[in-house]
Amino acid sequence: MTFRLTQVLSGHGCFGRYLCRLGREPTSGCHHCDTGDEDTALHTLQECSAWTEQRRDLVAVTGFDLSLPAVVRTMVGSSTGWDAVSSFCERVMLAKEEAERERERTSLLRSRQRRTRRRRRADFDLRPP
């Protein structure tokens with residue numbers, strides 16, 4: 001078991017629903033597709049259009065049933081199945097984590113810019129005429 005595989009199987013990872021519940025995201029929507037769907041482990045595994053290419057490799061081994069029980073059966077059924085599921089989870093979750101870090105950096109930069117601008121305006125307003 002890897003860290004990212006555990007995230008997908010448990011739903012506790014870089015998913016909008018989970019991050020929103022923790023207070024780290026304002027909404028539970030998916031940042032990676034335009035559907036407006038809630039970002040969950042199942043959405044990532046089965047539906048999100050951002051991961052179509054990675055999903056093709058998984059479907060080639062598991063078949064079209066990407067429900068959690070089917071994915072677990074595939075994992076325990078053969079080493080090829082385990083590798084396919086593990087590879088999907090590693091690639092996709094790594095990309096989702098990087099995107100989350102970038103959103104956090106951008107958010108921090110924006111908040112710093114707002115604070116800096118306010119201070120400058122306040123300093124300017126406080127100068128004697």
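Author: Let's start with Cys 30, which is buried, at 10% relative accessibility. Buried means under 20% relative accessible area, exposed over 50%, partly exposed in between (1.4 Å probe, protein chains only). This is a predicted model, where local features need pLDDT of at least 70 and side-chain atom pairs count only at pLDDT 80 or more, while totals for chains, interfaces and linings use all residues. Residues are numbered from 1 along each chain as its sequence is written, and side-chain values use heavy atoms, leaving out hydrogens and water.

Reader: Which cysteine sulfur is closest to that of Cys 30?
Author: The one in Cys 48, at 3.7 Å. That is too far for a bond. A disulfide is a pair of cysteine sulfur atoms within 2.5 Å.

Reader: How many disulfides, then?
Author: The count is 0.

Reader: And Cys 20: what does it count as?
Author: Cys 20 is partly exposed, with 29% relative accessibility.

Reader: New topic. How many helices and strands does the chain have?
Author: 6 helices and 0 strands. Helices (H or I, at least four residues) and strands (E, at least two) are DSSP runs, numbered from the N terminus.

Reader: How much of the chain is buried?
Author: 33% of its 129 residues.

Reader: Where is His 12?
Author: In the loop between α1 (3-10) and α2. His 12 is partly exposed, at 44% relative accessible area. Its C-alpha atom is 9.0 Å from that of Thr 40, 28 residues apart along the chain.

Reader: How many cavities of 30 Å³ or more?
Author: The count is 1. The largest cavity has a volume of about 40 Å³. On a 1 Å grid over the protein atoms alone, a cavity is a set of points where a 1.4 Å probe fits but cannot get out; lining residues have an atom within 4 Å of a point. Volume is the space filled by probe spheres set on the points, which are joined across faces, edges and corners.

Reader: Which residues line the largest cavity?
Author: Among them are Cys 14, Phe 15, His 31, Asp 39 and Arg 103. Helices α2 (16-22) and α6 (79-126) each give two or more residues to the lining.

Reader: Last one. Where is Val 72?
Author: In helix α5. Val 72 is partly exposed, with a relative accessible area of 34%.

Conventions
1 Å grid on protein atoms, 1.4 Å probe; cavity = no way out; pocket = protein on both sides within 12 Å on 5 of 7 lines; lining within 4 Å.
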